[in-house]
Amino acid sequence: MRNHRNPLAAVRNLGILAHVDAGKTTVTERILFATGTTHKRGEVHDGTTVTDFDPQERDRGITIFAAAVSCVWDGYRINLIDTPGHVDFADEVERALRVLDGAVAVFDAVAGVEPQSESVWRQADRHGVPRIAFVNKMDRAGADLDAVVSSIRERLHPAPLLVQLPMGAQEAFTGVVDLVRMRALLWRAGGTVEEAPVPDGMRREAAARRRRLEEAVAELHPDALEEFCATGALTEGTLRSALRDLTRDGDGVVVLCGSAYRNRGVEPLLDAVGAYLPSPLDVPPVTGTHAGEGQRRPADPAAPVAALAFKVHATPTGRLTYLRIYSGTLEKGDILWDATAGRSERIGRILRVRADRHTPLERAVAGDIVAVVGPRSARAGSTLCAPDAPLVLEPPGVPEPVVSVAVEARRAGETGRLASGLARLTEEDPSLAVRTDPETGQTLLSGMGELHLEVAVEKLRRELALEVAVGRPRVSHRETVGRGVTGMVFRHVKQDGGAGQFAHVVLDVEPCDRDFVFRSTVTGGRVPQEYVRAVEAGCRDALGEGPLGGHPVTGLRVTLTDGATHVKDSSETAFRTAGRLGLRQALRSCAMVLLEPVVEVTVTVPVDAVGAVLGDLAARRGRVTGSATRAGTVAVVTATVPLAELFGYAGRLRGRTQGRGTFTARPTGYAPAPAVTPARQVHRRAGLSTR
């Protein structure tokens, strides 16, 4: 057991990140088993894992919801979040990364860096979360640690620092050489680990790898470089300290390897979590705002309470709100201020979380991740703080939904229950959205993908016993300016008794590579600055509906070139109205382009099925961007495909490859869509299939 002067130094808040099927949940299960938190190894294929406790997760064999667990290893308190690997549930990853201090990125030893591996890595980059890498499945045929390290360097662009050398390959993988301590770790039958000297047959290679590690570290760390130049080598203490600094600064990524399924490599991974990933004391104080001014809160139990809600879960026994406590001490019965909703909340219970099981606590302190019972208004992204020290923390970003389905209750009397169920879904998952189609009157449920919506609808059916009819999925289009207009004059005049409204604006509209840019070139004070801001606000109001089909408008620059005011009737309201109506008129005069969401698809199939797969992708308007062969028998094809063409693709792919093909997809943005006939547009609005 390690002794820490400050208890916060022994806390590690980390997430497990990976592409789907890289073994992320199995790594989590083995961590729980190695730390004594569980006494039986859970298996994904048996549906016995701790973190995949939802019935849908067990039925589908994938992680859908981020699950928090807590365990202890060598004196460290590890708060761990197992995140989904499927692209449709990227918002769960985003909300988890917002509250984490570090992460373990899991890679498949055969596949290396996969599309979703890259996506979650970029998400962690945006949040500045330090990572270590664990190359899993070293026991599989075709496992190649060096190839994975190369793919990490080439595709993710960090400096990978390999600190282990595998002993044996594929089925014969039995241990690793720790290049920092220069000792061998062997796993015997039953999962017990033994430490031994480096075998004679591996000493030369281990020494060469250690030298390569020292050189890589010396290139990145000034203190290590000084020692390396002076002595020609690095001591174990210097190497550890440098690896810790490089990891926490994001300048390097420590790489370990193992086989979680066979329980090999988990203990060194836990040691690395404690040694290299940061504690709450090592990360900068959290920043927030109050009354327009920035404030910082240190990770200090004696400071005023500041906590961020990152997940809400409705259970049969009550509503759980998951919190990351950044500062202060939270006790049962405390009254906190929900700075986002502007109301007080009482904390009824505090719970230490282990997936769907909970242990009551009397208090929680800065650095903890816990669940609380009591808050009624808090949502994901809400700030709960001390009433006498209000603060608003930056919430996690919420992506815009890209796919919608029409939903309705099969029984007329259950419409109210359906509305309540949909409200509960959006409360738990901010990436879901519900709206009413103004043309058809249908209720539309929108989300991040086909699977995302399937899971949401199935949740309504299972948990609320609702019979729900679901329409065909539809994608969310955008509109953009293909060719702009200049000198568009719009005059807003309204006189109906009393003070009138007058605003005169002249607008230029042109394409732009950003979502929206507004500028003013008006000179001579013809339009006062406060009215210019009102025109910008009006233009932003107009972006909600474009002229082609009422879709949001993006990719344009609006320039206010001239205008005029009236001494009595001009106001900010009048100019905002002029900005809104004027831009709408200008867009009707522009050559507009309809955009559709596109995704990068990675299809893995047997070599003999490549022809059929390529033909099917071409029929779906796909553009092949690359292909490769693994081990001579498996082909990997990447292509850019419109999202609308992927509905039902999983079943078609299985049929064309006799069940041996798989695919993953990640959003890449929007691209021009083909022209849509009026009849086809009517069918789309009604949610009917046009195939």
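Tutor: Let's start with a word: buried means under 20% relative accessible area, exposed means over 50%, and partly exposed is in between (1.4 Å probe, protein chains only). This is a predicted model, where local features need pLDDT of at least 70, side-chain atom pairs count only at pLDDT 80 or more, and totals for chains, interfaces and linings use all residues. Residues are numbered from 1 along each chain as its sequence is written, and side-chain values use heavy atoms, with hydrogens and water left out.

Student: Is Y531 buried or exposed?

Tutor: Y531 is buried, and F575 is buried too.

Student: How do I read an aromatic pair?

Tutor: You look at the distance of the centres and the angle of the planes. Rings of Phe, Tyr and Trp (its six-membered ring) pair if their centres lie within 6.5 Å; planes under 30 degrees apart are stacked, over 60 edge-to-face, and the rest tilted. The structure has 4 such pairs. In one of them, Y531 and F575 are stacked, with 4.8 Å centre to centre and 15° between the planes. Y531 belongs to helix α12 (residues 529-542) and F575 to helix α13 (residues 572-589), so the pair ties together parts 44 residues apart in sequence. Helices here are DSSP runs (H or I, at least four residues), strands likewise (E, at least two), numbered from the N terminus.

Student: Where is D368?

Tutor: D368 sits in the loop between β21 (363-365) and β22 (369-373). D368 counts as buried because its relative accessibility is 7%.

Student: Which residue's charged end sits over the ring of W121?

Tutor: A charge sits over a ring if NZ of Lys or CZ of Arg is within 6 Å of the ring centre and within 35 degrees of the ring normal. Here it's R131, 4.5 Å from the centre of the W121 ring.
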